[in-house]
Amino acid sequence: MKEISDIIRAYNQAVKVGKKSALATVVKVVGSSYRRPGARMLITEDGNLTGAISGGCLEGDALRKALSAIMQGENKLVTYDTTDEDDAKFGVQLGCNGIVHILFEPLEEKKESNPILFLIAVKEKREPAVLVTLFSIEDKIQEGTCGFYKPGNNSVNVPHGLQIELNRDLDIVFEKMNSAITSYKHCEQNFNALLEYLPPVISLVIAGAGNDAQPLAEIANLIGWETTIVDGRPAYATHQRFPVANHILLRKPENILLGLEIDRYTAFVLMTHNYNYDLALLKALLKTNAAYIGTLGPKKKLIRMLEELGLLTEENLARIYGPIGLDIGAETAEDIAVSIIAEVKAVFSGASAKFLKDKQSPIHVHELGAHE
């Protein structure tokens with residue numbers, strides 16, 4: 001979601017100064033590639049790039065293709081076959097050993113089907129959505145970004161003959177919370193669709209405004225999470241100490257959760273170094289649907305707190321991540337922040353957090369289930 005936010009910001013700036021632009025989207029990958037379907041990059045007519053569609057190897061050629069799409073005013077699908085040993089024919093050295101399909105869409109500010117408008121609408125509320133991008137590998141017709149789907153809000157505009165099948169697949173993607181690439185045939189034309197599941201950005205609530213919370217807030221901001229700092233000490237919970245935090249709340253333990261929006265995309269990290277404060281917060285949190293609760297400190301501290309609360313159960317021990325973080329040998333505050341962020345990310349992604357070299361299946365196989 002951070003990439004989407006950056007693209008929206010860059011697009012608004014381009015419109016403000018009167019620059020034309022195009023959106024490049026990776027819509028399908030076969031084999032290995034640095035970025036997966038849904039990766040995006042905004043290209044302005046003066047060559048400014050925001051976002052990324054590869055590790056840097058495709059961006060130069062993508063700039064030329066984007067400028068062509070802008071000049072011609074039509075969507076273009078470009079295929080990069082990096083399995084070809086003679087990859088220099090693209091003017092780039094690739095070597096990812098995959099086939100990457102990238103859709104280029106020139107952007108028109110007042111056009112209803114402007115992809116940026118759909119991205120803005122998806123980002124506005126903390127609700128999951130499925131973004132629909134229609135393209136065709138076999139035919140020349142490239143519909144482009146067609147809208148987004150949420151329960152009770154279906155703004156997707158596709159050829160009428162595709163709607164029933166598409167709606168069925170949208171329901172499946174939304175239910176499984178997993179993106180998909182689908183194929184359809186209508187009026188003798190072949191269509192492919194990227195149905196991209198977009199969850200809300202992770203909301204990280206850090207209870208404790210000590211020095212060790214600062215690198216945690218900074219890393220969370222770097223990767224685009226929304227960050228809230230909660231502490232009862234006015235000298236610590238300040239914007240001067242946490243300039244990148246989205247919200248800073250000065251709260252006593254009994255009012256910790258007052259006004260906080262907590263959902264299944266919310267993570268709480270308890271690092272106040274104040275036993276009673278953590279105790280009160282833990283009691284309140286166990287009554288919520290927060291997806292992640294992590295406690296700093298040894299396991300025996302967590303067990304003691306749960307015992308005092310009369311809540312020491314296997315279910316609660318399984319739900320709470322304590323001691324918090326992945327075992328990476330962390331020592332410094334910065335190390336610990338990396339460990340915590342990695343664990344939270346793994347939990348929300350449903351990932352194993354093991355060494356990738358030990359993974360037997362493709363790295364991204366879980367991201368896309370193709371209904372083809």
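Good morning. What you see is a predicted model, in which local features need pLDDT of at least 70 and side-chain atom pairs count only at pLDDT 80 or more, while totals for chains, interfaces and linings use all residues. Residues are numbered from 1 along each chain as its sequence is written, and side-chain values use heavy atoms, with hydrogens and water left out.

Let me begin with confidence. The pLDDT is the predictor's confidence in each residue, from 0 to 100. The protein chain averages 88, and 93% of the residues score at least 70. Over residues 88-92 the pLDDT falls below 50, and this stretch has 11 contacts in the model beyond near neighbours in sequence; a contact means heavy atoms within 4.5 Å. The pLDDT is also below 50 over residues 366-372, a stretch with 26 such contacts.

I return to the salt bridges. E127 pairs with K150, the closest N and O atoms being 3.5 Å apart. E127 lies in the loop between α3 and β6, and K150 in strand β7, so the pair ties together parts that are 23 residues apart in sequence. Helices (H or I, at least four residues) and strands (E, at least two) are DSSP runs, numbered from the N terminus. Are these two partners buried or exposed? Buried means under 20% relative accessible area, exposed over 50%, and partly exposed in between, with a 1.4 Å probe and protein chains only. E127 is partly exposed at 36%, whereas K150 is buried at 6%.

A salt bridge also joins R168 and D169, at 3.2 Å from N to O. R168 is partly exposed, with 45% relative accessibility, and D169 is buried, with 2%. K301 and D278 meet at 3.1 Å, N to O. This pair links helix α7 (residues 299-309), which holds K301, to helix α6 (residues 275-285), which holds D278; the two residues are 23 apart. D278 is buried, with a relative accessible area of 1%. Finally, K2, D6 and R9 are linked in a network of salt bridges.

Next, the sheet around K150. Strand β7 belongs to an open sheet of 5 strands in the order β8-β7-β6-β10-β9, with antiparallel pairing; two strands pair if DSSP finds at least two bridges between them. β8 (153-154) and β9 (180-186) each have a single partner strand, so one side of each is left without a neighbour in the sheet. Strand β7 (residues 144-150) is joined to β8 by 2 bridges, and Y149 has N154 of β8 as its bridge partner.

Setting aside neighbours within four places in sequence, S203 touches R126, E226, Y265, T266 and A267.

Terms used:
Salt bridge = Lys/Arg side-chain N within 4 Å of Asp/Glu carboxyl O.
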